[in-house]
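Here is a friendly briefing to read alongside the model.

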Amino acid sequence: MTPFSVDPTRFLRDLHTLRGFGKDGNGVRRRAFTDADMAARDWLAGQFADAGLTPCFDPVGNLFGLAPGRSLLIGSHSDTQPEGGWLDGALGVIAALEIARAHGEAGGNAISVVSFQDEEGRFGALTGSSVWAGKLSLAQADILRATDGTGFAEARECLAGRQGDFVDPARFNGFLEMHIEQGPALDASTDRIGVVTGIVGLRQVQIIVQGQQNHAGTTPMALRRDAFTAVTRIATRVEDRMANVVTPNSVWTVGHLRLEPNASSIVPGRATFTLQWRDADDDRLARMEQVIHDVIAQVQEETGCTIAVERLRQDLKPVPMDQTMQAALTRAAEAVAPDQWRSMPSGALHDASNVAALMPVGMLFVPSINGISHAFEEDTAEDDLVVGLQVLADAAAHLAPGR
């Protein structure tokens with residue numbers, strides 16, 4: 001059994017307190033570096049200090065609560081989507097806080113906590129952990145811009161008076177992250193825990209279609225170079241052509257679209273949109289990309305529009321979880337929730353995929369009600385949250401240095 005006892009009541013109280021920063025109905029608006037985000041991080045820093053940890057903001061806003069020596073790192077992120085759920089990321093941070101605090105109360109000092117910055121991609125997916133893991137330089141990060149035009153360098157000016165140095169990853173022997181599943185598999189079954197086997201890879205491009213802006217009433221359909229028509233053809237044909245390449249677990253998404261001049265009586269002359277695709281197999285990701293480029297070339301020829309493709313950030317390769325970490329989580333899941341757990345992949349990205357370049361990594365899932373996430377309706381039964389906390393604590397007790 002776990003050699004220290006977590007407090008479920010305290011854990012849930014803290015989780016609801018964090019929810020209050022940026023709360024909007026049932027959901028949360030807490031984008032990276034906004035006032036709500038920084039107020040939440042300041043509150044977390046105080047909680048870390050009260051738990052006997054040393055709070056440390058690094059130059060990109062990652063917030064660590066550091067144990068004094070070599071330790072196991074646990075955490076996630078506390079920023080949200082523009083219309084975010086209250087558990088996405090926050091669950092992993094507060095679970096880490098409770099485990100570190102309970103460990104300290106039992107005389108331990110080998111568990112540290114982290115809340116990574118901008119996991120949700122205001123400036124680019126997994127920004128804070130990408131810089132910490134060395135996949136993105138600070139100079140590269142500083143030129144990133146949010147869709148509202150705010151630059152990353154400008155946004156992180158709010159760290160003045162808080163900012164310290166980057167934390168040395170060598171002080172940690174591994175990383176654990178707990179998260180809601182953000183999908184329907186656990187909720188549709190009797191399982192309460194998912195032990196993650198690996199995280200999918202992701203590629204993303206921005207596609208810019210240049211057509212001819214013209215009058216919507218006088219331009220014959222056959223003479224139009226309508227940028228939006230090109231967008232719709234790309235989207236529908238990609239779906240058709242993917243059929244012979246993908247598996248049921250492969251996904252692709254048009255997630256952001258901007259038309260210019262975006263007026264009802266004007267044929268759109270320009271369209272800019274993102275296309276993202278994910279899969280657990282890197283070779284399949286490459287084949288999906290070839291389908292996309294073939295479709296774009298065909299649509300460009302048919303419509304007379306000029307279509308440019310720009311890569312967005314670095315590719316994220318599929319990342320397997322560490323076998324030792326998986327074994328500890330599996331043993332803990334069977335002890336806490338016997339016959340109510342499964343091994344499963346993650347279709348969502350997580351900071352763990354970056355941290356895996358630095359140290360052994362393991363991940364744990366709890367159910368998402370109706371499989372809903374990245375929405376105000378996101379929720380998980382409190383009993384399932386507590387079961388996840390207990391499984392994570394059990395695994396952490398066996399993985400922390402100095403046992």
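**Around arginine 10**

Leaving aside neighbours within four places in sequence, arginine 10 is in contact (heavy atoms within 4.5 Å) with Glu98, Arg101, Ala102 and Glu105. This is a predicted model, in which local features need pLDDT of at least 70 and side-chain atom pairs count only at pLDDT 80 or more, while totals for chains, interfaces and linings use all residues. Residues are numbered from 1 along each chain as its sequence is written, and side-chain values use heavy atoms, with hydrogens and water left out.

- You will find arginine 10 in helix α1, residues 8-19; helices (H or I, at least four residues) and strands (E, at least two) are DSSP runs, numbered from the N terminus.
- Arginine 10 counts as buried because its relative accessibility is 13%; buried means under 20% relative accessible area, exposed over 50%, and partly exposed in between, with a 1.4 Å probe and protein chains only.
- The side chains of arginine 10 and glutamate 105 are joined by a polar contact of 2.7 Å. That term covers a pair of N or O atoms within 3.5 Å; within protein, one must be able to donate a hydrogen and the other to accept it, and residues adjacent in sequence count only if both atoms are side-chain atoms.

**Around glutamine 47**

- Helix α2, residues 35-50, holds glutamine 47.
- With a relative accessible area of 15%, glutamine 47 is buried.
- Not counting residues up to four places away in sequence, glutamine 47 touches Asp14, Leu97 and Arg101. Arg101 is also among the contacts of arginine 10.

**The protein as a whole**

- The secondary structure comes to eleven helices and 17 strands.
- Along the principal axes, the C-alpha atoms fill a box of roughly 75 × 50 × 40 Å.
- Of the 403 residues, 53% are buried.
- Among contacts with a separation of 6 or more, 79% are between residues 24 or more positions apart.

**A loop residue on the outside**

- Leucine 223 sits in the loop between β10 (214-215) and α7 (227-241).
- Leucine 223 is exposed, as its relative accessible area is 66%.
- From C-alpha to C-alpha, leucine 223 and threonine 303 are 9.7 Å apart in space, and they are 80 residues apart in sequence.

**Backbone spots to check**

Most residues other than glycine have a negative phi, and most peptide bonds are trans.

- Glutamate 260 and proline 261 are joined by a cis peptide bond, with omega about 10°.
- Proline 261 lies in the loop between β11 (251-260) and β12 (266-267).
- Aspartate 118 has a positive phi, near 55°, and its place is the loop between β6 (111-116) and α4 (127-132).
- Aspartate 118 is buried, with a relative accessible area of 0%.
- Histidine 374 also has a positive phi, about 55°, although it is not a glycine.
- Look for histidine 374 in the loop between β17 (361-366) and α11 (382-399); at 41% relative accessibility, histidine 374 counts as partly exposed.
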